[in-house]
Amino acid sequence: MQVTETLNEGFKRGYRITVTASELDEKVNGKLAEAAPEIQMKGFRKGKVPTALLKKQFGKRLLGEAMQESVDAAVSEHFKASDEKPAMEPKVEMQNQDWKEGDDVELALTYETLPEIPEIDFAGFELDKLVVQTDEAALNEVLEEFASRVPDYVNRPRSSQAVDGDQLIVDFTCMVDGEVLDEGAGSSVPLVLGLDQFVPGFETPLFGAVEGETRRVEVTFPEDHASKKLAGKLATFQVTVTAVQESRPAPIDDELAKKFGAEDLKELKERAEEAIKGECESVARSILKRTLFDELDKVLEFDLPPSLVEREAEQIAYQLWRDEHPEVEDYDDDEIKPDDEHNRLAERRVRLGLLLSDVGERSNVAVTDAEMNQAVMNQARTLPGRERDYFDLVQNSPAMRGHIHASIFEEKLVDHILDLVTIKERKVSKDALLKAFDALDDE
């Protein structure tokens, strides 16, 4: 194999690789010799088929395999010898398109190489970490939110019209195909307007109803309704409103605590405090991580392969466009062009990505199978009843596994770097923390 450099400009590299006919022939003969003992053909005993006949029978297929293996080996050996890393998948093209058996194979290898990443003295960085101490106001806010989830309902004045969020107490009968259905009747049934608890469309005619009023409601049961007798059927309900009730937050007491599985209000407060602490720590880490990246961006100065920046800018432009036009289904990717801001963000992301990758390699940071499995399990727990579907989806999607791996890898690298920098804690209120988070520029 012969390798000749044809291009060396900036990040661009080009090489002419020649795989000789004798090399290919040697590979083919080696494959034949390896397979021969197991081959049996009519008129010959197993393992006794003449090499010339084997070559005639299998030569073309084995030559194709030998060519592919030679190309792969040539590219691999080149990168090993040159100690270069391609920014993207190298382009390999066969130059002698009129190639025939017995000719050398001429290949053109082109790519952009990755830049050398400067070492960063992380000990010279000093970052603020925002720390929140739970105060009474923040704790009361969480408890009030708990109370709003399980409201008490009290009767409105008799002439009050029902509005969204009100609870109606209703009696009703149901008629389908002229027949009154016992299973379609209800008495003193609570119905909160706006929650769509019953058949779709059932609530709409009840808005504005007052206590003691009877209204006619016509709805069509869904085709996938649990009762085959009712599936797809038009039904007429006679609905009598026996009470119109407005919601009021539940009292913050031991009874409220029990509704959330706590023994008493003291335990509920402890849980609320832990929830606030967890939320604030997560937000504070996001701010700290962003601050770290901002500080690194200020000192990172090295040129970038144009292909990496171009690809990243295209992905940014596409994602932002899709976020702004979620309703559009038919569109032309070619019409979504990166602008200067997309290119600026792309350069930042590519530089930081290359730095993190280099730090990970230097520090031997890696993602273990146990960490991958734990991440998948944590995500699956957020999908009760669909855990198996999620496991199967991850198992069958290299892209999803790659995304999960990249996310864990980045967080481990951030932890590694934060261990090297100087961090000063600064106490702030929860409101100040959230304002700091909201003030972060979108990437």
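The legends below describe close-up views of a predicted model.

**Figure 1. The largest pocket of the predicted model, with a volume of about 1100 Å³.**
A total of 29 residues line this pocket, and those closest to its centre are Arg 349, Gly 353, Leu 356, Ala 406 and Glu 410. Sorted by class, the lining of the largest pocket consists of 13 nonpolar, seven polar and nine charged residues.

**Figure 2. The second largest pocket, with a volume of about 450 Å³.**
The lining of this pocket is made up of 14 residues. Nearest its centre lie Lys 85, Leu 114, Pro 115, Glu 116 and Ile 117.

**Figure 3. The packing of helix 9 against helix 10.**
Two packed helices are described by the angle between their axes and the distance between the axes. Helix 9, which covers residues 387-395, packs with helix 10 at an angle of about 95°, and the two axes are 6 Å apart. Helix 9 is therefore roughly perpendicular to helix 10, because angles of 65 to 115 degrees are counted as roughly perpendicular. On the side of helix 9, the residues in contact are Tyr 390, Leu 393, Val 394 and Gln 395. These residues meet Met 400, Arg 401 and Ile 404 in helix 10. By class, five nonpolar residues, one polar residue and one charged residue form the contact of helix 9 with helix 10.

**Figure 4. A salt bridge between Glu 106 and Arg 16.**
The side chains of these two residues meet with a distance of 3.3 Å from N to O. Glu 106 belongs to strand 4 (residues 105-112), whereas Arg 16 belongs to strand 2 (residues 12-19). The two residues are 90 residues apart, and the pair thus links distant parts of the chain. In the predicted model, the count of salt bridges comes to 34.

How values were computed:
Residues numbered from 1 in each chain as written. Predicted model: local features only at pLDDT ≥ 70, side-chain atom pairs only at ≥ 80, totals over all residues. Heavy atoms only, no water. 1 Å grid on protein atoms, 1.4 Å probe; cavity = no way out; pocket = protein on both sides within 12 Å on 5 of 7 lines; lining within 4 Å. Points joined across faces, edges and corners; volume = space filled by probe spheres on them. Nonpolar A, V, L, I, M, F, W, Y, C, P; charged D, E, K, R; others polar. Axes fitted to C-alpha atoms, helices over the stretch in contact; angles between N-to-C directions. Helix = DSSP H or I, 4+ residues; strand = E, 2+ residues; numbered from the N terminus. Parallel < 35°, antiparallel > 145°, perpendicular 65-115°, else oblique. Contact = heavy atoms within 4.5 Å. Salt bridge = Lys/Arg side-chain N within 4 Å of Asp/Glu carboxyl O.
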